[in-house]
Amino acid sequence: MVRYSKLPFRELVRRYNCDIVYTPMILANVFSASNYARDSEFSTNLLDDPVVIQFAASNGVDLANAAELVSPYVSGIDINCGCPQKWAIQEKIGSHLMSDPETVRDMIRMTKARVNVPCSIKIRIHKDLRETEEFVKRALSVGVDFITVHGRTRRQKSTEPVNLEGMKLVKEVSTVPVIANGDVFSVADANQIVEATNVDGTMSARGILENPALFAGYDVTPWECVEDYVDLALSYGTNAFIFHHHLMFMLEKSMSNAERRTFNSLTTTPAVIDYLEEYYGLDIVRRRVERAEQKIKTFQL
Ligand SMILES: Cc1cc2nc3c(=O)[nH]c(=O)nc-3n(C[C@H](O)[C@H](O)[C@H](O)COP(=O)(O)O)c2cc1C
C-alpha cells in the first residue's frame, strides 16, 4: 500500500499471521535510475521474508531492470495492473495495463528471463469477463507465477461490492495460485470469499490498515498490536505523518468522536506518544517483556 506497507508495518502484520506481505507500489524506472529512490522507497532485513516488491511500469525493460537490481533481497516481483489514478493511466501504468495485455505479457517474459524469483501480477477485472479470461491466459502463457485479483473494474469505487463471479473465473482459468482482494475486513470475510470463489488466499488493504491483527482473528485492533506498531515504527524510524496515520487508522474504532478529534489533530511524533502514554497507558518496555515471556513459553511447550 502506497505510503503504508513499509518495513515496520510489514513486520507488524507478520506477527499477526500474514503469510505474504507486499511493499507499496514503486515506480520501476525511477527505482532503477536513482540511488536516492532505492534508499527511500525500499528497506528490508532478514525478518522481512517473504516480501513481494510491487512495481509500476509501462514496459518490460523498465520492469526487468528494476527487478534485477532488487531480486536478491525479495521473494517475488509483482506488477501493478490495478492503480486507477488518473496520473497512472496517463503514464500507461497501473490499471491502464488491463487494456494492454500484450505489454503485460512482455513484462512478465522479460522479467522472468532476468530474475530467479516468482513474478506475479495484481489485476482488476473487466466489465466483460471474457477480456479478463483472455488477459489471464496470456499472462499464464509466459509463466506468471501467481495472480492477485481485485474484484472490481478500474472504474468501480471501493464502496461498490466486489464481483465474486469475476474472481471465481480467474481462479477457474488459472493453473497457478490465485489470491482474491477486495472487502476483506475479517477472517469471516476471507473465508466467505474463499468459499464463493475457491481461490487459494485472500489479500486485505483497508481492513489490515484499520486492524493489522485481522488475520490473527481479531475484530478490532488489540491494544498490544498498537504498542507493537509504536515500538517497530520508532525502532526502524518512520516519518511522522505515516506514523500518525497508521495509528489513526488502528484506533479509529476504539476512540470516541472527541478523542478522535484530539488525537487526529496532533502534529508531531512526541505529541502522539505523549497522548498514548497519558490516556492509553502506552508502555513499550512492558510490551517487550510480555513478548519475550510469550516466546519463552512457546519454546518451553
Ligand atoms: C492506502 C491504500 C494504498 C494502496 N496502495 C496500493 C498499492 O501500492 N498497490 C496496489 O496494488 N494496490 C494498492 N491499493 C489498493 C488495494 O491493494 C486494494 O486493491 C483495494 O484497496 C481493495 O482492497 P480492500 O477492500 O482490501 O481495501 C491501496 C489501497 C489503499 C487503501
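A: Start with burial. A residue is buried if 20 or more other C-beta atoms lie within 10 Å of its own, exposed if 12 or fewer, and partly exposed in between; C-beta atoms are placed from the backbone. Helices (H or I, at least four residues) and strands (E, at least two) are DSSP runs, numbered from the N terminus. Residues are numbered from 1 along each chain as its sequence is written. This is a predicted model: local features need pLDDT of at least 70, side-chain atom pairs count only at pLDDT 80 or more, and totals for chains, interfaces and linings use all residues.

Q: Which residues of helix α9 are buried, and which are exposed on the face turned away from its buried side?

A: Here is the general idea. An α-helix has 3.6 residues a turn, so residues three or four places apart point the same way. In α9 (residues 187–197), Ala 190, Ile 193 and Thr 197 are buried. They lie on the same side of α9, because they cover an arc of only 65° around the axis. That arc is taken over the directions from the helix axis to the C-beta atoms. The face turned away from the buried side carries exposed Ala 188, Asn 191 and Glu 195.

Q: What covers the buried residues of α9?

A: Contacts tell us. Two residues are in contact if their C-beta atoms, placed from the backbone, lie within 7 Å. The cover includes α8 (164–173), β6 (178–181) and β7 (201–203). Now turn to α8. Its buried residues are Gly 166, Met 167, Lys 168 and Val 170. Their cover includes α7 (129–141), β5 (146–150), β6 and α9.

Q: Is Asp 183 buried or exposed?

A: Asp 183 is buried, with 23 other C-beta atoms within 10 Å. Now look at Arg 3, in the segment before α1. Its phi is near 75°, a positive value in a residue other than glycine. Arg 3 is exposed, with 12 other C-beta atoms within 10 Å.

Q: Where is Pro 50, and what is the peptide bond from Asp 49 to Pro 50?

A: Pro 50 is in the loop between α3 (35–41) and β2 (51–56). The bond from Asp 49 to Pro 50 is cis, with omega near 5°.

Q: How is the protein divided?

A: Domain bounds come from an automatic or database domain assignment. Here they give domain 1 (7–215) and domain 2 (223–300). Their centres, taken over C-alpha atoms, are 29 Å apart. In all, 11 residues of domain 1 are in contact with 12 residues of domain 2. On the domain 1 side, α1 (7–15) gives the most, with 6 residues. That side divides into 8 nonpolar, no polar and 3 charged residues. Ala, Val, Leu, Ile, Met, Phe, Trp, Tyr, Cys and Pro count as nonpolar, Asp, Glu, Lys and Arg as charged, and the others, Gly among them, as polar.

Q: Which residues of the largest nonpolar core touch the most other members?

A: A nonpolar core is a set of buried Ala, Val, Leu, Ile, Met, Phe, Trp, Tyr and Cys residues joined through C-beta atoms within 7 Å. The largest has 74 residues, and Phe 55, Ala 56, Leu 63 and Ile 147 touch the most other members. Domain 1 and domain 2 both give residues to this core, so it lies between them. Take Leu 63. Leaving aside neighbours within four places in sequence, Leu 63 is in contact with Ala 28, Phe 55, Ala 57, Ile 79, Met 107, Met 110 and Thr 111.

Q: Which residues come nearest the ligand?

A: A residue is near a molecule or strand if its C-beta atom, placed from the backbone, lies within 6 Å of it. There are 19 residues around the ligand, and Met 1, Met 25, His 150, Ala 205 and Arg 206 come nearest. This shell divides into 7 nonpolar, 9 polar and 3 charged residues.
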